[in-house]
Amino acid sequence: MKSSATDIVIQEFEAATKETFEYHSPDDVEFESIGVEVASDYLNSQVDPDAEMFSSSIGLDGDELSSSIALLGAADTIQAACRVNIDSPRDWIGELANLLMGALKTKLTEYRVESRLGLPVSVRGKQLDFITTDAIERVAQCVRTPKGIIIVVLHFAVKRGVEWERAAEKQATDDVCLF
C-alpha cells in the first residue's frame with residue numbers, strides 16, 4: 001500500500017531516533033515530538049547558559065529525498081548518552097548523528113529510496129541554536145535522558161505528492177509470525 005513520502009520519512013525518522021538512542025544509551029530514555037520553532041528555546045530553558053554544548057549535523061541526499069539531521073545538547077548529557085566511557089562529546093555527537101542518519105537511510109531503502117550519506121560536521125560552543133527555513137519539512141524530537149535532553153531535528157524535502165510503498169519482500173517478512 002502506498003503512503004505519502006512525507007509521512008513515511010517522519011515515521012521512519014521517529015523510529016530511527018528511538019532505536020538509536022535506546023540501543024546506545026545506558027539508561028532509559030523518553031521521546032517527545034516537539035515543534036521545531038521551539039526546539040532551541042526548549043533546550044536552552046533546561047541547560048545552564050554557561051554549559052558547554054555540542055551540535056552535529058549530517059546530510060542524506062538522493063533523487064527523491066534531500067535531508068539533514070542536527071543534534072544539539074549539553075556536553076555532560078551527550079557523554080551520558082553513551083554506554084561506554086568516551087573522551088570527546090564532540091566525537092560522540094558526530095557518531096550519534098552518523099548512526100541516526102544511517103538508520104534512517106536503511107529504513108528508507110525498504111521503500112526503494114536510494115540515497116547517499118554525507119559526513120557529520122560537529123561544533124562546540126555555548127548557547128548554540130538551530131537555524132531553520134520554512135521552505136522544507138521540519139520535525140523535532142526531544143530525547144530525555146536522566147542527565148538532560150538532546151534535541152534532534154530533521155529537515156527534509158520530497159517532491160509534493162510523491163508516494164512510496166514498502167518493498168514486497170520486506171512486506172512479506174513483516175507479515176510472517178512464527179510461534
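Modeller: E12 counts as buried because its relative accessibility is 4%. Buried means under 20% relative accessible area, exposed over 50%, and partly exposed in between, with a 1.4 Å probe and protein chains only. This is a predicted model, where local features need pLDDT of at least 70, side-chain atom pairs count only at pLDDT 80 or more, and totals for chains, interfaces and linings use all residues. Residues are numbered from 1 along each chain as its sequence is written, and side-chain values use heavy atoms, with hydrogens and water left out.

Now the partners of E12. Its side chain makes a polar contact with the side chain of Y111, at 3.0 Å. A polar contact is a pair of N or O atoms within 3.5 Å; within protein, one must be able to donate a hydrogen and the other to accept it, and residues adjacent in sequence count only if both atoms are side-chain atoms. Leaving out residues up to four places away in sequence, E12 touches L104, K107, L108, Y111 and R166. Contact here means heavy atoms within 4.5 Å.

Next, the helix. E12 sits in α1, residues 5-24. Helices (H or I, at least four residues) and strands (E, at least two) are DSSP runs, numbered from the N terminus. At the N-terminal end, S4 caps α1: a side-chain oxygen of S4 lies 3.2 Å from the backbone nitrogen of T6. The buried residues of α1 include E12, F13 and A16. Seen down the helix axis, the buried residues of α1 fall within an arc of 170 degrees, so they line one face. That arc is taken from the directions from the helix axis to the C-beta atoms.

What about the core? The largest nonpolar core has 37 residues, and L108 is among those with the most contacts inside it, as is W164. Such a core is a set of buried Ala, Val, Leu, Ile, Met, Phe, Trp, Tyr and Cys residues joined through side-chain atoms within 4.5 Å. Helix α1 is one of the elements that give two or more residues to this core. Helix α4 gives the most, with nine residues. W164 touches residues including I8, V9, L108 and Y111. In soluble globular proteins, nonpolar side chains tend to be buried together.

Last, the whole chain. It has five helices and nine strands. Buried residues make up 45% of its 179 residues.
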